Each structure stands twice: as structure tokens, then as C-alpha cells.
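The sequence and the structure come first.

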Amino acid sequence: MFTVDQKAREGDHIDWAKLTKDDEQRRNDLRRMLSAGGVRTGNDYFHAAMIFQHGQNPDEYLEAHVLAMDAVALGSKEARWLSAATLDRYLLSIWQPQVFGTQFHGGPNFEAMTHNKINPAIVSDPMRSAICVVSTSEQDKVLETVNHGGKFGSTQSKEDHCK
């Protein structure tokens with residue numbers, strides 16, 4: 001269940017209607033697993049958080065954030081970036097500015113890609129680095145690249161402490 005969520009998002013021809021329905025089923029299945037104690041390891045919590053990160057409403061994004069933080073607490077290094085991304089997505093869903101800068105809007109099929117609302121005063125670049133998010137200047141490079149026809153890059157840092 002966990003790896004299917006990400007695999008369904010790969011490629012150029014995604015059936016978004018089917019993906020949305022499948023995502024909802026995965027979240028329902030995962031809720032049952034969480035209630036039954038079937039999610040145990042940091043890796044389990046990381047993948048569970050990723051599934052809820054692809055939710056449809058603030059409660060699901062908040063649940064994704066809680067799951068990502070559980071994953072971090074259980075030793076998942078890769079969940080550090082996800083904890084920032086889930087918080088940003090949750091904040092945007094409740095009409096508040098994001099703080100880490102992991103979420104973008106627009107893209108090749110719409111207008112130029114931009115940062116969604118962001119409050120730069122709360123999180124500094126050293127704080128971003130600690131949680132494996134690239135600096136604001138690197139985020140700007142991601143936007144510049146994609147807006148000039150390049151491939152979209154992640155806001156996840158590749159620094160040694162993030163691996």
C-alpha cells in the first residue's frame with residue numbers, strides 16, 4: 001500500500017480521477033491499520049504520512065504532519081523534510097502562509113510556477129537545513145528552472161545529514 005501511493009504519481013499520463021479515488025481508499029485502509037496498531041516503525045509512519053500528505057482537506061494534512069513527526073521521533077531521517085512539507089501544506093489549507101517554503105503553485109499547464117504564500121520571518125535557512133529543506137535561494141532556483149522549461153526539483157536537501 002505504501003509504495004503504490006508514490007508510484008501512481010510517476011509519469012506523464014496520470015489518471016487523476018482514478019488516483020484520487022485510489023488515494024481515498026488507501027487513506028481509509030491506513031486509518032484501519034493505525035487503529036489496529038499496524039503502523040509501528042519510523043518507516044511505516046513515514047509512508048503513512050506521505051499517504052495523508054496526498055489528502056483532500058486540512059484534517060488529512062494535519063494527520064500527515066503528526067504521522068511525519070512520529071516517524072522522525074522513531075528515527076526516520078527521510079521524514080524530517082516531510083514533516084516540514086506536511087506543516088506547510090496544512091497551513092496553506094487553512095489560509096495561512098507556509099513557513100518552510102516546500103509548496104509551490106502553478107506550473108507548465110497553467111501560469112508560471114510560484115511559491116504559495118510564505119512567511120519568511122518564522123523559519124531561517126539554518127532552520128530549514130536542520131529539517132532537510134533547501135534554502136530560500138535554492139527554492140528560487142527550483143522555480144527558475146521549472147519556469148524555463150526544466151524539470152521540477154525537490155525542496156528536499158541532499159546534504160549528508162539528510163541521508
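## Helix packing and selected residues

Leaving aside neighbours within four places in sequence, alanine 71 is in contact with Gly42, Tyr45, Phe46, Ser76 and Ala79, where contact means heavy atoms within 4.5 Å. Alanine 71 belongs to helix α4 and, at 0% relative accessibility, counts as buried; buried means under 20% relative accessible area, exposed over 50%, and partly exposed in between, with a 1.4 Å probe and protein chains only. From alanine 71 to leucine 82 the C-alpha distance is 9.6 Å, and the two are eleven residues apart in sequence.

The model is predicted, so local features need pLDDT of at least 70 and side-chain atom pairs count only at pLDDT 80 or more, while totals for chains, interfaces and linings use all residues. Residues are numbered from 1 along each chain as its sequence is written, and side-chain values use heavy atoms, with hydrogens and water left out.

**Overall make-up.** The protein has seven helices and two strands, arranged along the sequence as α-α-α-α-α-β-β-α-α. Helices (H or I, at least four residues) and strands (E, at least two) are DSSP runs numbered from the N terminus. Of the 163 residues in the protein, 41% are buried. Among contacts between residues at least 6 apart in sequence, 49% join residues at least 24 apart.

Axes are lines fitted to C-alpha atoms, for helices over the stretch in contact, and angles run from 0 to 180 degrees between N-to-C directions.

| Pair | Angle between axes | Axis distance |
|---|---|---|
| α2 (residues 16–35) and α3 | about 140 degrees | 10 Å |
| α3 and α4 | about 165 degrees | 8 Å |
| α3 (residues 42–53) and α5 (residues 79–93) | roughly 25 degrees | within 11 Å |

The angle of about 165 degrees between α3 and α4 makes α3 roughly antiparallel to α4. Angles under 35 degrees count as roughly parallel, over 145 as roughly antiparallel, 65 to 115 as roughly perpendicular and the rest as oblique. α3 passes α4 in a left-handed crossing; a crossing is left-handed if the near helix is turned anticlockwise from the far one by less than a right angle, and right-handed if clockwise. On the α3 side this contact is made by Gly42, Tyr45, Phe46, Ala48, Ala49, Phe52 and Gln53, and on the α4 side by Glu60, Tyr61, Glu63, Ala64, Leu67, Ala68, Asp70 and Ala71. These residues divide into ten nonpolar, two polar and three charged. Here Ala, Val, Leu, Ile, Met, Phe, Trp, Tyr, Cys and Pro count as nonpolar, Asp, Glu, Lys and Arg as charged, and the others, Gly among them, as polar.

α3 and α5 cross at roughly 25 degrees and are therefore roughly parallel to each other. α3 passes α5 in a left-handed crossing. Phe46, Ala49, Met50 and Gln53 of α3 meet Ala79, Leu82, Ala85, Thr86 and Arg89 of α5, a set of six nonpolar, two polar and one charged.

α2 likewise passes α3 in a left-handed crossing. Arg26, Arg27, Leu30, Arg31 and Leu34 of α2 are in contact with Tyr45, Ala48, Ile51 and Phe52 of α3. The residues of this contact comprise six nonpolar, no polar and three charged.

Serine 76 is in the loop between α4 (58–73) and α5 and is buried, with a relative accessible area of 9%. Not counting residues up to four places away in sequence, serine 76 touches Gly42, Phe46 and Ala71. A polar atom of the serine 76 side chain lies 3.3 Å from the backbone nitrogen of alanine 79.

Histidine 54 lies in the loop between α3 and α4 and is buried too, with a relative accessible area of 16%. A polar atom of the histidine 54 side chain lies 3.1 Å from the backbone oxygen of methionine 50.

**Positive phi.** Most residues other than glycine have a negative phi. Tryptophan 95, in the loop between α5 and β1 (104–105), has a positive phi near 65 degrees and counts as exposed at 69% relative accessibility. Cysteine 132 has a positive phi near 70 degrees and lies in the loop between α6 (125–130) and α7 (136–147); cysteine 132 is buried, with a relative accessible area of 1%.

Key
Polar contact = N/O pair within 3.5 Å; in protein donor to acceptor, adjacent residues only side chain to side chain.
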